[in-house]
Amino acid sequence: TRRFSRPDIDAEEEFGWTFVNFSDLVLRTVPILSEVNLKHRLGVVFYELSDLADIQVNLASKNVLIRGAVTLGDITVDRDLVFGPALATAYLLESKRAIFPRIIVDQLVLQGLKKLPVLRAHDYKQEMAYIRRLIRRDVDGNWFVDYLRYALDNSDDYSQYGKFILHHRSLVLRQLSESGALDGRTREGRNRRAKAAWLRSYHNRHVRILSAIRLKQETGINRAELVV
C-alpha cells in the first residue's frame with residue numbers, strides 16, 4: 001500500500017506534496033497555495049482523485065482493499081509530526097463514515113471547487129464534468145472515489161479492462177466467502193459481512209453501466225457473467 005500511495009518524487013519536490021506513513025495509515029497532503037499552483041492552476045483536486053483511483057485499481061489487482069477520506073483544510077506536516085483540523089476531519093471521515101472499502105470525498109472539497117478557483121484548472125462547470133467521472137454518490141449520500149469507472153475510462157484497451165473487472169469479480173466473491181465463514185453474531189463478523197456486501201453492491205452497480213454489446217465484442221465476456 002505504501003509503495004502505491006507515495007506521490008512521485010518529482011511531484012513531491014515541485015508541488016510540495018507530502019507523504020507520511022503511520023503503521024497501516026497513509027497520509028497524503030497537497031498544498032493548494034503553493035507557488036506553482038497559484039501560477040498554473042494545476043487542477044489539484046482532479047489529479048489527487050485520479051491518483052487515488054489509480055492506487056485503488058492497482059491494489060485491487062493485488063487483492064488489497066482500502067478505505068480513506070479526502071478533505072480540505074489546514075494541516076501542518078513537519079517530518080513525522082502532523083497536526084491541524086484537517087487531520088482530525090479526515091480521520092473522522094475515514095473511521096466513522098467511510099466504513100466500507102471506499103475513499104470518501106468530503107462535501108468541503110466539492111463546495112471548495114465552486115468557491116475556490118485555485119482548486120481547478122478550468123471553469124467550475126468544465127472541471128466538475130471531469131471530476132464527476134471520478135466520483136460516485138452512494139446510497140447513504142456520501143460521495144466516494146469511483147475506481148471501477150476510472151479503470152473503465154483509463155484502461156489502455158477494453159481487453160485490459162475486461163481482465164481487471166473479471167479479477168474484481170473474483171475479489172468480491174472471495175470477500176463474500178471469507179466474511180460468510182465468520183460468526184455473524186460477533187462484531188468482526190458483522191463488520192466483515194457489511195463490507196463484503198457493500199463491495200458486491202458497488203461492483204454490480206458498475207457492471208450495469210457497461211455496454212453488453214461492446215463488452216462481448218471486445219472481450220468475449222457476457223455482462224451477465226460479471227454480476228455477483
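**Pocket, cavity and core in a predicted model**

Q: Which helices and strands each supply at least two residues of the lining of the largest pocket?
A: In this predicted model, the elements are strands E1 (18-22), E2 (25-29) and E3 (68-70), together with helices H4 (44-61), H5 (85-98) and H10 (187-207). H4 gives the most, with six residues.

Q: What makes Val26 a lining residue of the largest pocket?
A: A lining residue has an atom within 4 Å of a point of the pocket. Val26 is among the 50 residues that line the largest pocket, so it has such an atom. Val26, Leu27, Arg28, Ala69 and Ala90 lie nearest the centre of this pocket, whose volume is about 1500 Å³.

Q: How is the lining of the largest pocket divided by class?
A: The lining has 33 nonpolar, nine polar and eight charged residues.

Q: Why is the space lined by Gln56, Ala60, Val64, Leu65, Ile66, Pro101 and Tyr147 called a cavity?
A: A 1.4 Å probe fits in this space but cannot get out; it is therefore a cavity. The volume of the largest cavity is about 40 Å³, and the search finds one cavity of 30 Å³ or more.

Technical notes:
Residues are numbered from 1 along each chain as its sequence is written. This is a predicted model: local features need pLDDT of at least 70, side-chain atom pairs count only at pLDDT 80 or more; totals for chains, interfaces and linings use all residues. Side-chain values use heavy atoms; hydrogens and water are left out. On a 1 Å grid over the protein atoms alone, a cavity is a set of points where a 1.4 Å probe fits but cannot get out, and a pocket is an open set with protein on both sides within 12 Å along at least five of seven lines; lining residues have an atom within 4 Å of a point. Grid points are joined across faces, edges and corners, and a volume is the space filled by probe spheres set on the points. Helices (H or I, at least four residues) and strands (E, at least two) are DSSP runs, numbered from the N terminus. Ala, Val, Leu, Ile, Met, Phe, Trp, Tyr, Cys and Pro count as nonpolar, Asp, Glu, Lys and Arg as charged, and the others, Gly among them, as polar.
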